[in-house]
Amino acid sequence: MKISTEAFGLGASLITLTNAKGVSISFTNFGARVVNWVVDGKNIVWGFDSCQEYLEKDTYPGATIGRTAGRIKDGIVDINGQKIQLNQNEFPQTLHGGEDSFETKMWAYEVIDNGDMAEVKFYLTSEDGANGYPGKLDIVVSHSFDDNSCWAIDYEAVSTKDTVFNPTGHVYFNLTGDVSKPIDQHRLKLAASRMVALKDKTEIVRGDILDIKDTGLDFRQEKPMQDAFVSGHEQVELVGGIDHPFLLDDVDLDKEQARLTLGDLSVSVRTDRPSLVIFTANFGDLGTVYRGKALANHGGMTFEAQVSPGSEQISELGDITLKAGEIYRATTMYQLNK
Ligand code: GAL
């Protein structure tokens with residue numbers, strides 16, 4: 001693995017790993033995020049050129065999200081029967097762990113070269129009470145990349161008090177390499193027959209799980225994203241695209257859960273988390289500019305592996321409680337095929 005490091009502004013680094021196939025992937029310790037994934041000269045993920053640009057335009061692309069990904073209604077969680085108020089950065093909701101969460105932190109890091117695989121390990125301590133979350137939390141997020149072009153994210157964390165923890169990774173893909181082009185013609189295969197319904201424009205969950213078999217949101221048979229966009233499905237109409245937690249039929253890290261394809265390029269997603277939140281960047285004409293290109297509506301899409309948001313309202317979704325001293329572990333992998 002070829003490893004290089006350069007300055008990324010505000011004292012942060014950009015670390016680039018280039019494998020034997022000439023495919024490279026770059027990470028920064030600002031937000032423990034992925035910035036570039038370049039194959040045949042094409043950058044298939046969203047990224048900016050400096051920390052300052054993330055701060056000015058959008059801090060979420062590519063970032064590690066936490067302590068809790070997605071929206072928490074009224075920013076209230078129940079821990080051991082006690083109601084805890086979290087920071088309400090999308091008032092009255094908590095979005096992605098509240099303001100200035102993992103995505104704007106400078107993480108410590110080290111790079112480990114294992115020859116045909118290299119690993120960038122990011123470390124952060126989130127103080128007891130940060131954004132209202134109980135417990136001092138020590139987190140390690142490891143991004144690894146190998147000669148088969150598999151990018152894996154491993155999460156490990158431990159808290160000093162009982163708390164809630166549900167991190168994710170917020171990479172946006174656009175396999176055209178051009179964010180001014182929508183992902184409409186990307187083909188998606190997704191092993192999910194159920195989805196969590198959103199209530200209204202606030203995008204908090206409604207309280208029910210939808211069967212999506214044979215609807216516009218059924219991707220068990222691969223089909224273009226456009227089919228969902230024009231399906232007239234009430235949930236698609238509500239948010240102008242997809243911004244939903246899909247519940248995986250068979251949670252198993254060894255199984256391909258999703259595959260996004262354009263031409264001869266595809267990315268397979270595997271995870272041990274029970275759901276994938278897919279967000280199709282429904283920014284309308286409010287999208288920002290990435291390296292001189294104005295973001296199209298539906299100019300990218302995420303695969304945010306996590307326990308579905310809304311577990312406070314729908315217990316079937318899972319439990320995001322992390323007990324004091326217990327070790328949290330999760331893994332998500334993105335495999336590039338061409
Ligand atoms: C997504 C979320 C979207 C939007 C985005 C950040 O995970 O589902 O609604 O908030 O993050 O811009």
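Predicted model: local features only at pLDDT ≥ 70, side-chain atom pairs only at ≥ 80, totals over all residues.
Buried or exposed, then, for His 298? Its relative accessibility is 9%, and anything under 20% counts as buried, so His 298 is buried. The backbone is worth a look too: phi of His 298 is near 60°, a positive value in a residue other than glycine.

Asp 100 also has a positive phi, about 45°, although it is not a glycine. This one sits in the loop between E10 and E11. Asp 100 is exposed because its relative accessible area, 51%, is over the 50% cut-off. A further positive phi, about 65°, turns up at Glu 203, in the turn of a hairpin formed by E19 and E20. Six residues lie between those two strands. Strand E19 covers residues 194-198 and strand E20 covers 205-211, and they pair in the antiparallel sense over four bridges. Within that pairing, Leu 198 stands opposite Val 205 of E20.

There are cis peptide bonds to point out as well. Gly 66 and Arg 67 are joined by one, with omega of about 15°. Arg 67 is in the loop between strand E6 (64-65) and strand E7 (71-72). Another cis bond joins Phe 91 to Pro 92, with omega of about 0°. Pro 92 has its place in the loop between E9 and strand E10 (94-95).

Which order do its strands take? Five strands make an open sheet, running E1-E2-E3-E4-E5, and the pairing is antiparallel. At the edges are strand E1 (2-7) and strand E5 (42-43), each of which pairs on one side only. Inside the order, strand E3 (residues 24-28) and strand E4 (residues 33-39) pair in the antiparallel sense over five bridges. Ser 24 has Val 38 in E4 as its bridge partner. As a reminder, strands of a sheet pair through backbone hydrogen bonds, either parallel or antiparallel.

| Residue | Relative accessible area | State |
|---|---|---|
| Lys 83 | 61% | exposed |
| Tyr 109 | 28% | partly exposed |
| Leu 124 | 11% | buried |

Lys 83 is part of strand E9 (residues 82-85). Setting aside neighbours within four places in sequence, Lys 83 is in contact with Ile 76, Val 77 and Asp 78. Its C-alpha is 48 Å from that of Asn 19, a residue 64 places away in sequence.

Tyr 109 is found in strand E11 (residues 108-113). Beyond its neighbours within four places, Tyr 109 has contacts with Thr 5, Ser 13, Ile 15, Asn 29, Val 120, Lys 121, Phe 122 and Tyr 123. Tyr 109 and Val 141 are 32 residues apart in sequence, and their C-alpha atoms are 9.4 Å apart.

Leu 124 belongs to strand E12 (residues 117-126). Not counting residues up to four places away, Leu 124 touches Phe 102, Lys 105, Met 106, Trp 107, Leu 137, Asp 138 and Ile 139.

Stepping back to the whole protein, how many helices and strands does it have? The tally is three helices and 31 strands. Its radius of gyration is 19 Å, close to the 20 Å that the globule rule gives for 338 residues, so the protein is as compact as a globular protein of that length. Along the principal axes, the C-alpha atoms fill a box of roughly 50 × 45 × 40 Å. Of the 338 residues, 57% count as buried. Among contacts between residues at least 6 apart in sequence, 65% join residues at least 24 apart. The accessible surface comes to about 13,000 Å², and carbon and sulfur atoms own 47% of that. As for charge, there are 32 positive and 50 negative ones, and their mean positions are 2 Å apart.

Key: Residues numbered from 1 in each chain as written. Heavy atoms only, no water. Pairing = 2+ DSSP bridges. Rg over C-alpha atoms; globule rule 2.2 N^0.38 Å. Buried < 20%, exposed > 50% of the residue type's maximum accessible area, 1.4 Å probe, protein only. Contact = heavy atoms within 4.5 Å. Areas by Shrake-Rupley, 256 points an atom, 1.4 Å probe, with all protein chains shown as cover. Lys, Arg positive; Asp, Glu negative; His and termini not counted. Charge placed at Lys NZ, Arg CZ, Asp CG, Glu CD.
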